[in-house]
Amino acid sequence: MKTYTVRDYVHIALVAALYVVLTITPPLNAISYGMYQLRVSEMLNFLAFYNKKYILAVTIGCMIANFYSFGLIDVLVGGASTLVFVSLGVKLFEQFK
């Protein structure tokens, strides 16, 4: 298991906060929630290909942003799906490099 430095934790916190801001700030929140979602903040998923620590950052940001929608179910399911699919994308990308 990799140990993170204080600098890594700051980067993770900043990316998570940026994800939340890009999701809940008007007028972006109008398209970020509901049955059909288009989240501008999802572009931050590509940071995980640069460094794996951003998988955690995007997952935390997604979970915090989901508190503003349908409640605990959305927090757990949305956070878990972000974690699984971003991790899977990074693993597959590494294999095809």
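Colleague: Which helices each supply at least two residues of the nonpolar patch?

Modeller: H4 and H5 do, and H5 gives the most, with four residues. This is a predicted model, in which local features need pLDDT of at least 70 and side-chain atom pairs count only at pLDDT 80 or more, while totals for chains, interfaces and linings use all residues. Residues are numbered from 1 along each chain as its sequence is written, and side-chain values use heavy atoms, with hydrogens and water left out.

Colleague: What makes a group of residues a patch?

Modeller: Each member must have over 30% relative accessible area and no salt bridge; nonpolar side chains (Val, Leu, Ile, Met, Phe, Trp, Tyr) are joined within 5 Å, and like charges within 9 Å. Here the patch consists of Leu56, Ile60, Ile64, Phe67, Tyr68, Leu72, Ile73, Leu76 and Val77, with about 920 Å² of accessible area together. Areas come from the Shrake-Rupley method with a 1.4 Å probe, and for residues only the protein chains shown count as cover.

Colleague: Why is Ile60 called partly exposed?

Modeller: Buried means under 20% relative accessible area and exposed means over 50%, with partly exposed in between (1.4 Å probe, protein chains only). Ile60, in helix H4, has 32% and therefore counts as partly exposed.

Colleague: What counts as a helix?

Modeller: A helix is a DSSP run of H or I with at least four residues, a strand is a run of E with at least two, and both are numbered from the N terminus. By that rule the protein chain has five helices and zero strands.

Colleague: Why is H4 described as largely enclosed?

Modeller: Because 10 of its 14 residues are buried. Among them are Tyr54, Ile55, Val58 and Cys62. The cover over the buried residues of H4 includes H1, H3 and H5.

Colleague: Is Lys53 buried or exposed?

Modeller: Lys53 has 7% relative accessibility and therefore counts as buried. Leaving out residues up to four places away in sequence, Lys53 is in contact (heavy atoms within 4.5 Å) with Tyr4, Asp8, His11 and Ile12.

Colleague: Why is the pair of Lys53 and Asp8 called a salt bridge?

Modeller: The term requires a side-chain nitrogen of Lys or Arg within 4 Å of a carboxyl oxygen of Asp or Glu. Between Lys53 and Asp8 the N to O distance is 2.9 Å, so the pair qualifies. The two residues are 45 residues apart, Lys53 in helix H4 (residues 53–66) and Asp8 in helix H1 (residues 6–24). In general, side chains of opposite charge can pair when their charged atoms come close.

Colleague: How many salt bridges are there by this rule?

Modeller: There are three. Asp8 also meets Lys2, at 3.8 Å, N to O. Asp8 is buried, with a relative accessible area of 12%, whereas Lys2 is exposed at 55%. The side chains of Lys52 and Glu94 form another bridge, at 3.1 Å, N to O.

Colleague: What makes the bridge between Lys52 and Glu94 a tie between separate parts of the sequence?

Modeller: Lys52 lies in the loop between helix H3 (47–50) and H4, and Glu94 lies in helix H5 (residues 72–95), so the bridge ties together parts that are 42 residues apart in sequence. Lys52 is partly exposed at 42%, as is Glu94 at 34%. Shared partners join Lys2, Asp8 and Lys53 into one network.

Colleague: How do you know that the radius of gyration of the protein chain agrees with a compact globule?

Modeller: The radius is taken over C-alpha atoms, and the globule rule is 2.2 Å times the number of residues to the power 0.38. With 97 residues the rule gives a value near 13 Å; the protein chain has 14 Å, which agrees. The C-alpha atoms fill a box of roughly 35 × 30 × 25 Å along the principal axes.

Colleague: What share of the protein chain counts as buried?

Modeller: Of its 97 residues, 33% do. The accessible surface comes to about 6,500 Å², and 74% of that belongs to carbon and sulfur atoms.
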